[in-house]
Amino acid sequence: MRSRIRELRRAQKLSQAELADAVGTTRQTITSIEVGKYTASLPLAYKIARYFGLTIEEVFDFSEIDEEM
């Protein structure tokens, strides 16, 4: 699943570690989500979206899931 996390994080000049600390996860998890190797849990996706003041759908691209339906 693709996300806009890297773009949003860079726009706010945040490191992966800073974002991870803010949402209660590890830098490695943020890295894995950004490169598409890990899908965030719903609670983590919610925390990330809320951190940026956005909805989950504004941060994460669900088009792949929509195509499967």
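Guide: Contact here means heavy atoms within 4.5 Å. This is a predicted model, in which local features need pLDDT of at least 70 and side-chain atom pairs pLDDT 80 or more, while totals for chains, interfaces and linings use all residues. Residues are numbered from 1 along each chain as its sequence is written, and side-chain values use heavy atoms, with hydrogens and water left out.

Visitor: Leaving aside neighbours within four places in sequence, which residues is Glu 34 in contact with?
Guide: Glu 34 belongs to helix α3, residues 27-34 (helices are DSSP runs of H or I, at least four residues, numbered from the N terminus). With those neighbours set aside, its contacts are Ile 5, Arg 6, Arg 9 and Gln 16.

Visitor: Is Glu 34 buried or exposed?
Guide: Buried means under 20% relative accessible area and exposed over 50%, with partly exposed in between (1.4 Å probe, protein chains only). Glu 34 has 11% relative accessibility, so it counts as buried.

Visitor: How do the axes of α2 and α4 lie to each other: roughly parallel or roughly perpendicular?
Guide: Axes are lines fitted to C-alpha atoms over the stretch in contact, with angles from 0 to 180 degrees between N-to-C directions. Those of α2 (residues 16-23) and α4 (residues 42-51) come within 10 Å and cross at roughly 110°. Angles under 35 degrees count as roughly parallel, over 145 as roughly antiparallel, 65 to 115 as roughly perpendicular and the rest as oblique. Therefore α2 is to α4 roughly perpendicular.

Visitor: Which residues of α4 make the contact with α2?
Guide: From α2 come Leu 19, Ala 22 and Val 23. From α4 come Leu 44, Lys 47, Ile 48 and Tyr 51.

Notes: Helices (H or I, at least four residues) and strands (E, at least two) are DSSP runs, numbered from the N terminus.
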